[in-house]
Amino acid sequence: MYVCIKDQIQNMNLVIGCTVGCPYCYARNNVKRYHMIDDFSKPEFFPNKLRLMEKRRPQNFLLTGMSDLAGWEPAWREQVFAKMAENPQHQFLFLSKRPDLLDIDTMTGPQSRKVRTAPEWVYSLTEQAHALHIPVFWKEDLVAPIMGGDTPVQELPDAYNKVLEEQKKWHK
Ligand code: SF4
């Protein structure tokens, strides 16, 4: 039994673009495919999306589905964090190469035929994160096909689970 994290998170791509430059970046491919911005290596801020935070029903928002927090300009952060402070009913998730939560996934799409995730990589990453007291989440794509019958490691921050509990009390 495992949860599908995609069903529990709403993407809010306030910033599109990233300066990190990972060769395997799925976001860069999507941005290029759908012509979202001209140059993925030059992040752009879309403050008009901030109004999504005004929803009263609690959400787990992902704010960096197409960027890395480390690449946000300070003025953008200030504006976003101020809006977050006005809307404490939500949880806000950020992806970064300096994680507070390590989310381990496997390659999906056409590349999955070329790159096969080895279970020992997953165990090694899990051990390294735990040694630094960083929680680990094995994504659903990884659990059954790659890790077989192993009990999944699916640790989530307490505040995240609290929002899910709160959501159950609301009608959609
Ligand atoms: S840090 Fe994330 S968004 Fe940035 S290039 Fe790497 S995979 Fe893409």
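The legends below accompany several views of a predicted model of a protein chain with a ligand.

**View 1. The whole protein chain and its secondary structure.** The protein chain contains five helices and seven strands, and along the sequence these elements follow the pattern β-β-α-β-β-α-β-β-α-β-α-α. The radius of gyration is 17 Å, close to the 16 Å that the globule rule gives for 172 residues, so the protein chain is as compact as a globular protein of that length. Along its principal axes, the C-alpha trace of the protein chain spans about 45 × 40 × 30 Å.

**View 2. Confidence along the protein chain.** The mean pLDDT of the protein chain is 89, with 98% of its residues reaching 70 or more. Confidence is highest in strand β3, residues 44-45, at 98, whereas the lowest value belongs to helix α4, residues 140-147, at a mean of 84. Where pLDDT is low, the predicted coordinates should not be read in detail.

**View 3. The open sheet of three strands.** The strands of this sheet pair in the parallel sense and are arranged in the order β1-β4-β5. Because β1 (10-11) and β5 (91-93) stand at the edges, each with a single partner strand, one side of each is left without a neighbour in the sheet.

View 4. The protein chain is divided into domain 1, covering residues 1-95, and domain 2, covering residues 102-155, and the centres of the two domains, taken over C-alpha atoms, are separated by 23 Å. Where the domains meet, four residues of domain 1 are in contact with five residues of domain 2. On the side of domain 1 that touches domain 2, there are four nonpolar residues, with no polar and no charged ones.

**View 5. The surroundings of the ligand.** The residues around the ligand include Cys18, Val20, Gly21, Cys22 and Cys25, and the ligand is also surrounded by Ala27, Arg28, Ser67, Asp68 and Lys97. By class, the residues of this shell divide into five nonpolar, two polar and three charged; Arg28, Asp68 and Lys97 are the charged residues of the shell.

Definitions and conventions. Residues are numbered from 1 along each chain as its sequence is written. This is a predicted model: local features need pLDDT of at least 70, side-chain atom pairs count only at pLDDT 80 or more; totals for chains, interfaces and linings use all residues. Two strands pair if DSSP finds at least two bridges between them. Helices (H or I, at least four residues) and strands (E, at least two) are DSSP runs, numbered from the N terminus. Domain bounds come from an automatic or database domain assignment. Two residues are in contact if their C-beta atoms, placed from the backbone, lie within 7 Å. pLDDT is the predictor's confidence in each residue, from 0 to 100. A residue is near a molecule or strand if its C-beta atom, placed from the backbone, lies within 6 Å of it. The radius of gyration is taken over C-alpha atoms; the globule rule is 2.2 Å times the number of residues to the power 0.38.
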